Amino acid sequence: MRTRVCITIDTEFSIGGAFSNAARTPVAEPLVWCEVGGQSQGLGFMLDTFGRYGVQATFFVETLQRNYFKHDPMRAIARRIHDQGHEVQLHSHPCWTMFQRDDWREVASKGRPKDNYHSRDIDDSAALIQQGIDTFADWGLPRPQVFRSGNMHHDDALYQALAKAGIPYASNVAVAIFDCGDAKYRLYSGQHERHGVREFPVLTFADWALGSKQHIKSLTIAGSSFAETRRLLEQARAAGIPLVVILTHPFEYVQNRDLAFSQTRINSQTQRRLVQLCAFLHENRDRFDGCGLATAANAIPATASVSASASASASASAGNILLKGALRHTVPRMAAQVAYHKYGRWLLSRKHGPYTRPT
Ligand SMILES: [Zn+2]
């Protein structure tokens with residue numbers, strides 16, 4: 001069986017600082033298309049790259065933003081993604097419900113609105129999820145099969161809400177991004193059933209260890225070099241892990257310095273990583289399958305936490321294997337990341353003047 005590789009893209013709009021600054025308003029399309037010189041270097045770049053290498057991706061599209069954007073700009077974006085053969089699945093940030101109130105500016109100014117999908121009542125979460133299901137129907141898209149919560153939040157109540165709403169799969173866990181404190185959600189890889197919902201966590205790995213201290217990292221395009229990703233994919237295959245979930249966002253393919261995304265430049269570091277990954281998947285398509293998350297989930301038996309070829313030690317960990325990176329990859333990646341960030345800031349300053357921190 002080929003190892004499935006699911007590139008997942010959280011596709012969302014931004015509050016744009018509007019909760020804390022009365023002069024600001026939420027930002028829609030610029031955060032998704034990310035234009036530089038009239039060309040889309042965010043979503044457009046991603047769709048082109050996937051198309052060139054025959055990779056199907058999963059776009060988790062946020063729907064609660066419709067509480068603010070009444071003209072529904074995400075509809076055209078979601079349709080475009082779907083029409084290009086990718087999966088459109090459901091992403092949801094509860095903070096957007098603040099806009100249901102006419103006095104949202106006043107309320108938000110008294111304390112940052114909550115954006116939590118943990119410690120939330122089951123029925124309340126189920127209603128928010130239902131808003132997403134209804135939105136997909138309104139957009140003429142297939143019913144979502146996979147859910148990803150905002151901020152990767154999760155707890156037992158969320159899985160119960162997903163089961164209630166009839167969503168069979170989830171990808172809410174990325175341990176290095178959000179750890180809910182409950183050991184049964186410390187999920188590094190593979191698939192795991194919780195309250196009747198199958199969870200496919202973003203791959204989390206140990207990128208370095210010093211003595212007894214171990215640092216973990218969730219696998220993202222923005223955070224890991226291609227050398228690291230390739231090593232992890234090979235390790236995952238050798239360990240019999242049936243699929244690897246990778247996380248990214250459209251806005252990570254540009255460097256920006258303002259919340260409205262009007263001052264941007266191409267992020268050639270992340271763009272190169274995505275091209276390298278897709279080219280690798282294409283060249284190694286006899287061993288790896290770059291496919292959507294629901295497509296993978298539907299094909300993998302619910303009981304197959306690790307394949308029969310996996311080692312005894314891997315089987316013993318119940319399909320929750322923590323892969324390990326190599327320092328020879330981690331250290332150069334950290335250095336390159338810092339250097340490129342500074343370089344981008346310097347170029348943007350040359351073009352747009354000195355940088356002042358957004359308030
Ligand atoms: Zn999000």
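Predicted model: local features only at pLDDT ≥ 70, side-chain atom pairs only at ≥ 80, totals over all residues.
Visitor: Thanks! How are helix 7 and helix 8 oriented to each other?

Guide: Helices are DSSP runs of H or I with at least four residues, strands are runs of E with at least two, and both are numbered from the N terminus. The axes of helix 7 (residues 226–239) and helix 8 (residues 268–283) come within 10 Å and cross at roughly 30 degrees; axes are lines fitted to C-alpha atoms over the stretch in contact, with angles from 0 to 180 degrees between N-to-C directions. The two helices are therefore roughly parallel.

Visitor: Which residues of helix 8 do Phe 226, Thr 229 and Arg 230 meet?

Guide: Contact here asks for C-beta atoms, placed from the backbone, within 7 Å. Helix 7 passes helix 8 in a right-handed crossing, meaning that the near helix is turned clockwise from the far one by less than a right angle (left-handed if anticlockwise). The partners in helix 8 are Arg 273, Gln 276, Leu 277 and Phe 280.

Visitor: Let me step back to the whole protein. How many helices and strands does the protein have?

Guide: The C-alpha atoms fill a box of roughly 60 × 50 × 45 Å along the principal axes. Within the protein, the count is eleven helices and 16 strands.

Visitor: Is Leu 162 buried or exposed?

Guide: Leu 162 lies in helix 6. Beyond its neighbours within four places in sequence, Leu 162 is in contact with Ile 129, Phe 147, Ile 167, Ala 170 and Val 197. A residue is buried with 20 or more other C-beta atoms (placed from the backbone) within 10 Å of its own, exposed with 12 or fewer, and partly exposed in between. Leu 162 has 28, so it is buried.

Visitor: At what angle do helix 5 and helix 6 pack?

Guide: Helix 5 (residues 122–138) and helix 6 (residues 156–165) have axes 8 Å apart, and their crossing is right-handed. The residues that meet include Ile 122, Ala 126 and Ile 129 in helix 5, and Ala 157, Ala 161 and Leu 162 in helix 6. The packing makes helix 5 oblique to helix 6, at an angle of about 50 degrees.

Visitor: Where is Met 152, which has a positive phi although it is not a glycine?

Guide: The phi of Met 152 is about 55 degrees, and Asn 151 also has a positive phi, near 65 degrees. With 23 C-beta neighbours inside 10 Å, Met 152 counts as buried, whereas Asn 151 has 16 and counts as partly exposed. Met 152 lies in the loop between strand 6 and helix 6.

Visitor: Which residue takes a positive phi in the hairpin of strand 10 and strand 11?

Guide: Six bridges join strand 10 (residues 204–210) to strand 11 (residues 213–218), and the two run antiparallel; strands pair if DSSP finds at least two bridges between them. Ala 206 stands opposite Ile 216, and Thr 204 stands opposite Ser 218. Two residues lie between the strands, and the one with phi near 60 degrees is Gly 211.

Visitor: Which strands stand at the edges of the sheet?

Guide: Three strands form an open sheet of mixed pairing in the order 11-10-16. Each edge strand has a single partner strand, so one side of each is left without a neighbour in the sheet. The edges are strand 11 and strand 16.

How values were computed
Residues numbered from 1 in each chain as written. Parallel < 35°, antiparallel > 145°, perpendicular 65-115°, else oblique. Contact = placed C-beta atoms within 7 Å.
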